[in-house]
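Please look through the structure below with this short briefing beside it. The notes are grouped by topic, so that each can be followed in the viewer.

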Amino acid sequence: MSDTHSQSEAPRGFETTAIHAGNTADPVTGAVVPPIYQVSTYKQDGVGGLRGGYEYSRSANPTRTALEENLAALEGGRRGLAFASGLAAEDCLLRTLLSPGDHVVIPNDAYGGTFRLFAKVVSRWGVEWSVADTGDAAAVRAAITPKTKAIWVETPSNPLLGITDIAAVAQVARDCGARLVVDNTFASPYLQQPLAFGADVVVHSLTKYMGGHSDVVGGALVVADDALGEELAYHQNAMGAVAGPFDSWLVLRGIKTLPVRMDRHSENAARVAEMLGRHPRVTRVLYPGLPDHPGHETAAKQMKAFGGMVSFQVEGGEAAAVAVCDRARLFTLGESLGGVESLIEHPGRMTHASVAGSALEVPADLVRLSVGIESVDDLLADLQQALGA
(Lines give C-alpha, C1' and ligand atoms only; values in the text may rest on other atoms or scores of the structure.)
Protein backbone atom coordinates (compact mmCIF):
# COMPACT_ATOMS: atom_id res chain seq x y z
CA MET A 1 0.00 0.00 0.00
CA SER A 2 2.79 2.39 -0.81
CA ASP A 3 2.27 5.82 -2.32
CA THR A 4 2.35 5.85 -6.11
CA HIS A 5 4.27 9.15 -6.08
CA SER A 6 7.80 8.50 -7.29
CA GLN A 7 10.91 10.35 -6.20
CA SER A 8 11.41 11.54 -9.77
CA GLU A 9 8.21 13.63 -9.65
CA ALA A 10 8.14 17.22 -8.42
CA PRO A 11 7.69 17.55 -4.65
CA ARG A 12 4.09 17.63 -3.53
CA GLY A 13 2.52 20.19 -1.24
CA PHE A 14 1.67 19.19 2.31
CA GLU A 15 -2.06 19.13 1.66
CA THR A 16 -1.60 16.77 -1.27
CA THR A 17 0.71 14.51 0.73
CA ALA A 18 -1.73 14.39 3.66
CA ILE A 19 -4.45 13.08 1.36
CA HIS A 20 -2.45 10.77 -0.89
CA ALA A 21 0.64 9.39 0.89
CA GLY A 22 -0.01 5.76 1.79
CA ASN A 23 -3.54 6.05 0.38
CA THR A 24 -3.64 4.10 -2.87
CA ALA A 25 -6.88 2.89 -4.39
CA ASP A 26 -7.86 -0.65 -3.45
CA PRO A 27 -6.62 -2.91 -6.29
CA VAL A 28 -9.70 -5.17 -6.12
CA THR A 29 -12.58 -2.70 -5.97
CA GLY A 30 -10.99 0.66 -6.74
CA ALA A 31 -12.11 2.06 -3.37
CA VAL A 32 -10.31 5.38 -2.87
CA VAL A 33 -10.05 4.86 0.90
CA PRO A 34 -7.75 2.07 2.16
CA PRO A 35 -9.80 -0.81 3.57
CA ILE A 36 -9.88 -1.62 7.27
CA TYR A 37 -8.04 -4.93 7.34
CA GLN A 38 -9.70 -6.19 10.53
CA VAL A 39 -7.73 -9.40 10.54
CA SER A 40 -5.18 -11.13 12.73
CA THR A 41 -3.89 -13.87 10.41
CA TYR A 42 -2.90 -14.11 6.74
CA LYS A 43 -2.84 -17.16 4.47
CA GLN A 44 0.69 -17.98 3.35
CA ASP A 45 1.65 -19.29 -0.07
CA GLY A 46 3.65 -22.17 1.33
CA VAL A 47 5.85 -22.12 4.41
CA GLY A 48 7.45 -18.68 4.58
CA GLY A 49 5.61 -17.52 1.47
CA LEU A 50 4.15 -14.25 2.71
CA ARG A 51 1.88 -12.10 0.55
CA GLY A 52 3.19 -8.58 0.76
CA GLY A 53 5.12 -9.39 3.93
CA TYR A 54 2.03 -10.00 6.06
CA GLU A 55 1.77 -12.92 8.44
CA TYR A 56 0.27 -11.65 11.71
CA SER A 57 -1.20 -8.23 12.46
CA ARG A 58 0.96 -7.46 15.47
CA SER A 59 3.93 -7.58 13.11
CA ALA A 60 2.25 -5.71 10.25
CA ASN A 61 -1.20 -4.85 8.97
CA PRO A 62 -1.99 -3.17 5.62
CA THR A 63 -4.10 -0.42 7.18
CA ARG A 64 -1.38 0.36 9.71
CA THR A 65 1.20 0.29 6.92
CA ALA A 66 -0.78 2.93 5.03
CA LEU A 67 -0.80 5.14 8.13
CA GLU A 68 2.90 4.61 8.83
CA GLU A 69 3.81 5.55 5.26
CA ASN A 70 1.66 8.65 5.54
CA LEU A 71 3.26 9.70 8.83
CA ALA A 72 6.77 9.32 7.46
CA ALA A 73 5.90 11.40 4.41
CA LEU A 74 4.31 14.20 6.45
CA GLU A 75 7.29 14.50 8.80
CA GLY A 76 9.89 14.08 6.05
CA GLY A 77 11.23 10.98 7.80
CA ARG A 78 12.66 7.66 6.70
CA ARG A 79 10.20 5.53 8.67
CA GLY A 80 6.99 5.94 10.62
CA LEU A 81 5.65 3.59 13.28
CA ALA A 82 2.14 3.65 14.73
CA PHE A 83 1.28 2.58 18.28
CA ALA A 84 -1.72 2.04 20.51
CA SER A 85 -1.11 5.38 22.30
CA GLY A 86 1.39 8.19 22.53
CA LEU A 87 2.80 6.73 25.75
CA ALA A 88 3.16 3.32 24.09
CA ALA A 89 5.25 5.02 21.40
CA GLU A 90 7.36 6.77 24.04
CA ASP A 91 7.86 3.54 25.99
CA CYS A 92 9.04 1.70 22.88
CA LEU A 93 11.41 4.53 22.03
CA LEU A 94 12.96 4.71 25.50
CA ARG A 95 13.46 0.97 25.76
CA THR A 96 15.06 0.99 22.32
CA LEU A 97 17.42 3.91 22.91
CA LEU A 98 18.36 3.36 26.56
CA SER A 99 19.99 0.83 28.85
CA PRO A 100 20.29 0.82 32.65
CA GLY A 101 22.70 3.53 33.74
CA ASP A 102 21.98 5.84 30.81
CA HIS A 103 20.86 9.44 31.32
CA VAL A 104 18.21 11.60 29.65
CA VAL A 105 17.69 15.36 29.77
CA ILE A 106 13.97 16.13 30.03
CA PRO A 107 12.22 19.51 29.79
CA ASN A 108 11.04 21.57 32.73
CA ASP A 109 7.61 21.71 31.11
CA ALA A 110 6.13 18.54 29.66
CA TYR A 111 3.05 16.37 29.47
CA GLY A 112 2.34 14.83 32.87
CA GLY A 113 2.19 11.31 31.43
CA THR A 114 5.65 11.69 29.94
CA PHE A 115 7.04 12.84 33.29
CA ARG A 116 5.32 9.91 35.02
CA LEU A 117 6.90 7.51 32.54
CA PHE A 118 10.36 8.84 33.36
CA ALA A 119 9.88 9.34 37.11
CA LYS A 120 7.86 6.26 38.01
CA VAL A 121 8.59 3.66 35.33
CA VAL A 122 11.85 4.14 33.43
CA SER A 123 13.75 5.24 36.54
CA ARG A 124 12.99 1.87 38.15
CA TRP A 125 14.87 0.33 35.24
CA GLY A 126 18.01 2.25 36.21
CA VAL A 127 17.72 5.13 33.75
CA GLU A 128 18.65 8.51 35.20
CA TRP A 129 17.13 11.83 34.18
CA SER A 130 17.57 15.49 34.95
CA VAL A 131 15.50 18.57 34.16
CA ALA A 132 16.54 21.54 32.04
CA ASP A 133 14.89 24.55 30.47
CA THR A 134 15.07 23.36 26.87
CA GLY A 135 14.27 26.88 25.70
CA ASP A 136 17.85 27.69 26.72
CA ALA A 137 20.39 25.65 24.73
CA ALA A 138 23.11 26.54 27.24
CA ALA A 139 21.01 25.11 30.07
CA VAL A 140 20.55 21.90 28.09
CA ARG A 141 24.30 21.68 27.49
CA ALA A 142 24.93 22.18 31.21
CA ALA A 143 22.63 19.27 32.04
CA ILE A 144 24.54 16.82 29.82
CA THR A 145 26.53 14.08 31.54
CA PRO A 146 28.91 11.47 30.08
CA LYS A 147 25.97 9.03 30.27
CA THR A 148 23.47 11.19 28.35
CA LYS A 149 21.94 9.25 25.48
CA ALA A 150 18.87 11.36 24.70
CA ILE A 151 17.51 14.89 25.00
CA TRP A 152 13.73 15.13 25.18
CA VAL A 153 11.92 18.25 23.97
CA GLU A 154 8.34 19.43 23.66
CA THR A 155 7.82 22.51 21.52
CA PRO A 156 5.36 24.07 22.04
CA SER A 157 5.40 22.54 25.51
CA ASN A 158 2.50 21.29 27.57
CA PRO A 159 0.93 23.23 29.29
CA LEU A 160 3.07 26.40 29.45
CA LEU A 161 3.55 26.73 25.67
CA GLY A 162 7.32 27.10 25.90
CA ILE A 163 9.34 27.14 22.70
CA THR A 164 12.62 25.31 22.09
CA ASP A 165 15.00 26.20 19.27
CA ILE A 166 15.15 22.75 17.71
CA ALA A 167 18.22 23.44 15.59
CA ALA A 168 20.18 24.81 18.56
CA VAL A 169 19.38 21.85 20.80
CA ALA A 170 20.04 19.44 17.92
CA GLN A 171 23.58 20.82 17.81
CA VAL A 172 23.95 20.21 21.54
CA ALA A 173 22.78 16.63 21.00
CA ARG A 174 25.22 16.06 18.15
CA ASP A 175 28.09 17.47 20.20
CA CYS A 176 27.52 14.94 22.98
CA GLY A 177 26.50 11.99 20.81
CA ALA A 178 22.91 11.93 22.07
CA ARG A 179 19.63 11.56 20.19
CA LEU A 180 17.25 14.50 20.06
CA VAL A 181 13.61 13.52 20.54
CA VAL A 182 10.92 16.12 19.81
CA ASP A 183 7.31 15.68 20.85
CA ASN A 184 5.51 17.42 18.01
CA THR A 185 1.97 16.78 19.25
CA PHE A 186 1.01 20.42 19.88
CA ALA A 187 2.24 21.61 16.49
CA SER A 188 1.57 18.66 14.16
CA PRO A 189 3.73 18.20 11.04
CA TYR A 190 1.62 20.77 9.21
CA LEU A 191 2.97 23.54 11.43
CA GLN A 192 6.42 22.14 12.25
CA GLN A 193 8.74 19.39 11.03
CA PRO A 194 11.45 18.81 13.66
CA LEU A 195 13.51 16.39 11.54
CA ALA A 196 14.21 19.23 9.12
CA PHE A 197 15.85 21.13 12.00
CA GLY A 198 18.08 18.26 13.07
CA ALA A 199 15.93 16.14 15.39
CA ASP A 200 16.45 12.37 15.31
CA VAL A 201 12.99 11.24 16.37
CA VAL A 202 9.54 12.83 16.34
CA VAL A 203 6.89 11.67 18.79
CA HIS A 204 3.14 12.16 18.35
CA SER A 205 0.03 11.47 20.29
CA LEU A 206 -2.13 10.68 17.28
CA THR A 207 -5.11 11.06 19.60
CA LYS A 208 -4.77 14.81 19.33
CA TYR A 209 -4.50 16.93 16.17
CA MET A 210 -3.62 14.09 13.82
CA GLY A 211 -6.85 12.19 14.55
CA GLY A 212 -8.58 15.47 15.22
CA HIS A 213 -12.06 14.22 16.14
CA SER A 214 -11.73 12.91 19.72
CA ASP A 215 -12.65 9.40 18.62
CA VAL A 216 -9.35 7.51 18.54
CA VAL A 217 -6.31 6.87 20.74
CA GLY A 218 -2.93 6.36 19.09
CA GLY A 219 0.74 7.26 19.03
CA ALA A 220 3.56 7.48 16.53
CA LEU A 221 7.30 7.70 16.06
CA VAL A 222 8.96 9.06 12.92
CA VAL A 223 12.72 8.79 12.51
CA ALA A 224 15.36 10.31 10.27
CA ASP A 225 17.61 7.24 10.25
CA ASP A 226 16.90 3.87 8.60
CA ALA A 227 18.93 1.90 11.13
CA LEU A 228 17.07 3.40 14.09
CA GLY A 229 13.83 2.76 12.25
CA GLU A 230 14.71 -0.93 12.00
CA GLU A 231 15.54 -1.10 15.70
CA LEU A 232 12.27 0.54 16.64
CA ALA A 233 10.30 -1.73 14.32
CA TYR A 234 11.89 -4.75 16.00
CA HIS A 235 10.89 -3.49 19.43
CA GLN A 236 7.44 -2.45 18.23
CA ASN A 237 6.80 -6.04 17.19
CA ALA A 238 8.53 -7.56 20.22
CA MET A 239 6.63 -5.39 22.70
CA GLY A 240 3.35 -5.42 20.81
CA ALA A 241 1.64 -2.10 21.65
CA VAL A 242 0.66 -1.49 18.03
CA ALA A 243 -2.12 0.60 16.55
CA GLY A 244 -5.10 -1.52 15.55
CA PRO A 245 -6.48 -1.41 11.99
CA PHE A 246 -9.62 0.57 12.79
CA ASP A 247 -7.67 3.08 14.87
CA SER A 248 -5.15 3.42 12.03
CA TRP A 249 -8.00 4.02 9.59
CA LEU A 250 -9.52 6.69 11.82
CA VAL A 251 -6.21 8.56 12.08
CA LEU A 252 -5.71 8.36 8.30
CA ARG A 253 -9.19 9.82 7.90
CA GLY A 254 -8.36 12.64 10.29
CA ILE A 255 -5.03 13.49 8.67
CA LYS A 256 -6.71 14.26 5.35
CA THR A 257 -8.22 17.40 6.86
CA LEU A 258 -5.27 18.24 9.13
CA PRO A 259 -4.11 21.31 7.12
CA VAL A 260 -7.50 23.01 7.00
CA ARG A 261 -8.19 22.19 10.64
CA MET A 262 -4.84 23.52 11.83
CA ASP A 263 -5.36 26.75 9.92
CA ARG A 264 -8.67 27.31 11.74
CA HIS A 265 -7.30 26.17 15.11
CA SER A 266 -4.46 28.68 14.77
CA GLU A 267 -6.71 31.53 13.62
CA ASN A 268 -9.17 30.97 16.46
CA ALA A 269 -6.44 30.58 19.09
CA ALA A 270 -4.84 33.85 18.03
CA ARG A 271 -8.16 35.66 18.52
CA VAL A 272 -8.68 33.99 21.89
CA ALA A 273 -5.16 34.90 23.06
CA GLU A 274 -5.65 38.53 22.03
CA MET A 275 -8.94 38.76 23.94
CA LEU A 276 -7.49 37.14 27.04
CA GLY A 277 -4.56 39.54 26.94
CA ARG A 278 -6.98 42.45 27.29
CA HIS A 279 -9.13 40.90 30.02
CA PRO A 280 -8.73 42.53 33.46
CA ARG A 281 -8.99 39.21 35.32
CA VAL A 282 -6.27 37.50 33.29
CA THR A 283 -2.79 38.04 34.68
CA ARG A 284 -0.78 36.25 31.99
CA VAL A 285 -1.42 34.70 28.57
CA LEU A 286 0.83 31.95 27.23
CA TYR A 287 0.66 31.70 23.44
CA PRO A 288 3.70 31.69 21.13
CA GLY A 289 1.87 33.77 18.55
CA LEU A 290 1.88 36.80 20.82
CA PRO A 291 4.78 39.18 20.08
CA ASP A 292 5.69 39.41 23.79
CA HIS A 293 6.01 35.65 24.19
CA PRO A 294 9.70 34.91 24.95
CA GLY A 295 9.81 32.21 22.27
CA HIS A 296 7.87 34.13 19.64
CA GLU A 297 10.77 34.75 17.26
CA THR A 298 11.97 31.15 17.45
CA ALA A 299 8.45 29.84 16.93
CA ALA A 300 8.00 32.11 13.92
CA LYS A 301 11.23 30.70 12.48
CA GLN A 302 10.36 27.02 12.83
CA MET A 303 6.54 26.97 12.73
CA LYS A 304 4.13 27.80 9.92
CA ALA A 305 1.60 29.16 12.43
CA PHE A 306 1.28 29.03 16.20
CA GLY A 307 -1.28 26.30 16.83
CA GLY A 308 -4.50 25.93 18.74
CA MET A 309 -3.30 25.68 22.36
CA VAL A 310 -3.56 28.65 24.72
CA SER A 311 -2.90 28.76 28.46
CA PHE A 312 -3.56 31.63 30.83
CA GLN A 313 -3.39 32.54 34.49
CA VAL A 314 -6.13 34.32 36.40
CA GLU A 315 -6.24 36.56 39.43
CA GLY A 316 -7.63 34.87 42.51
CA GLY A 317 -5.42 31.76 42.43
CA GLU A 318 -6.44 28.13 42.11
CA ALA A 319 -10.05 28.57 43.19
CA ALA A 320 -10.60 31.23 40.54
CA ALA A 321 -9.01 29.07 37.84
CA VAL A 322 -11.20 26.10 38.76
CA ALA A 323 -14.25 28.35 38.75
CA VAL A 324 -13.47 29.53 35.21
CA CYS A 325 -13.31 25.90 34.08
CA ASP A 326 -16.62 25.14 35.82
CA ARG A 327 -18.43 28.12 34.31
CA ALA A 328 -17.44 27.42 30.71
CA ARG A 329 -20.29 26.09 28.60
CA LEU A 330 -19.15 25.87 24.97
CA PHE A 331 -15.64 24.90 26.03
CA THR A 332 -16.00 21.32 27.27
CA LEU A 333 -14.23 20.42 30.50
CA GLY A 334 -11.93 17.60 29.42
CA GLU A 335 -8.34 16.37 29.56
CA SER A 336 -7.44 15.81 25.94
CA LEU A 337 -6.79 18.31 23.14
CA GLY A 338 -6.63 18.73 19.40
CA GLY A 339 -10.20 17.83 18.50
CA VAL A 340 -12.54 19.98 16.45
CA GLU A 341 -14.41 20.93 19.64
CA SER A 342 -12.93 23.35 22.17
CA LEU A 343 -11.79 22.04 25.55
CA ILE A 344 -10.87 23.68 28.84
CA GLU A 345 -9.05 22.19 31.81
CA HIS A 346 -7.18 22.90 35.03
CA PRO A 347 -3.74 21.30 34.50
CA GLY A 348 -2.76 21.29 38.17
CA ARG A 349 -5.70 19.07 39.08
CA MET A 350 -6.11 17.22 35.81
CA THR A 351 -3.52 16.47 33.11
CA HIS A 352 -0.52 17.50 35.21
CA ALA A 353 -1.45 16.23 38.66
CA SER A 354 1.43 13.74 38.35
CA VAL A 355 4.04 16.53 38.34
CA ALA A 356 2.94 18.06 41.65
CA GLY A 357 5.93 18.63 43.92
CA SER A 358 8.45 18.20 41.10
CA ALA A 359 10.47 20.66 39.03
CA LEU A 360 7.68 20.44 36.45
CA GLU A 361 4.87 21.53 38.79
CA VAL A 362 2.50 23.92 37.02
CA PRO A 363 1.00 27.12 38.47
CA ALA A 364 -2.17 26.54 40.47
CA ASP A 365 -3.90 29.49 38.76
CA LEU A 366 -3.32 28.08 35.25
CA VAL A 367 -6.09 27.26 32.79
CA ARG A 368 -5.35 25.42 29.52
CA LEU A 369 -7.47 25.71 26.40
CA SER A 370 -7.59 23.55 23.32
CA VAL A 371 -9.21 26.01 20.94
CA GLY A 372 -11.43 24.23 18.44
CA ILE A 373 -12.77 25.20 15.04
CA GLU A 374 -16.15 26.59 16.08
CA SER A 375 -17.22 30.15 15.26
CA VAL A 376 -14.67 32.22 17.10
CA ASP A 377 -17.17 34.82 18.30
CA ASP A 378 -19.00 32.07 20.18
CA LEU A 379 -15.75 30.95 21.80
CA LEU A 380 -14.88 34.50 22.86
CA ALA A 381 -18.32 35.02 24.36
CA ASP A 382 -18.10 31.79 26.35
CA LEU A 383 -14.70 32.68 27.80
CA GLN A 384 -15.87 36.16 28.69
CA GLN A 385 -18.83 34.83 30.63
CA ALA A 386 -16.65 32.14 32.26
CA LEU A 387 -14.26 34.85 33.41
CA GLY A 388 -17.15 36.78 34.85
CA ALA A 389 -17.07 39.63 32.37
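Predicted model: local features only at pLDDT ≥ 70, side-chain atom pairs only at ≥ 80, totals over all residues.

A salt bridge is a side-chain nitrogen of Lys or Arg that lies within 4 Å of a carboxyl oxygen of Asp or Glu. Arg368 and Glu345 form such a pair, with their closest N and O atoms 3.1 Å apart.

**Confidence**
- The mean pLDDT of the chain is 95, and 97% of its residues reach 70 or more.
- Over residues 1-8, however, the pLDDT is below 50, although this stretch has 21 contacts in the model beyond near neighbours in sequence.

**Salt bridges**
- By the rule stated above, the count comes to 13 salt bridges.
- Arg141 forms a salt bridge with Asp175, and the closest N and O atoms are 3.2 Å apart. This pair links distant parts of the chain, since Arg141 belongs to helix H5 (residues 137-143) and Asp175 to helix H6, 34 residues apart.
- Arg141 counts as partly exposed because its relative accessibility is 43%, and Asp175 likewise counts as partly exposed, at 47%.
- Lys301 forms a salt bridge with Asp165, the closest N and O atoms being 3.0 Å apart. Lys301 lies in helix H11 (residues 296-302), whereas Asp165 sits in the loop between strand S4 (148-154) and H6, so parts that are 136 residues apart in sequence are tied together.
- Asp165 has 21% relative accessibility and therefore counts as partly exposed.

**An open sheet**
- The order S8-S9-S12-S11-S10 describes an open sheet of 5 strands, in which the pairing is mixed.
- Strand S8 (282-286) and strand S10 (332-333) stand at the edges, each with a single partner strand, so one side of each is left without a neighbour in the sheet.
- S8 pairs with strand S9 (residues 309-314) in the antiparallel sense over 4 bridges, and Phe312 in S9 is the bridge partner of Val285.

**Nonpolar cores**
- The largest nonpolar core has 50 residues, and those with the most contacts inside it are Leu67, Leu71, Ile151, Leu180, Met210 and Ile255.
- Helix H6 (residues 166-176) gives the most to this core, with 5 residues.
- Apart from this core lies another, of 30 residues, among them Leu97, Ala150, Ala233 and Leu360.

Technical notes. Residues numbered from 1 in each chain as written. Heavy atoms only, no water. Pairing = 2+ DSSP bridges. Helix = DSSP H or I, 4+ residues; strand = E, 2+ residues; numbered from the N terminus. pLDDT = per-residue confidence, 0-100. Contact = heavy atoms within 4.5 Å. Core = buried A, V, L, I, M, F, W, Y, C linked by side-chain atoms within 4.5 Å. Buried < 20%, exposed > 50% of the residue type's maximum accessible area, 1.4 Å probe, protein only.
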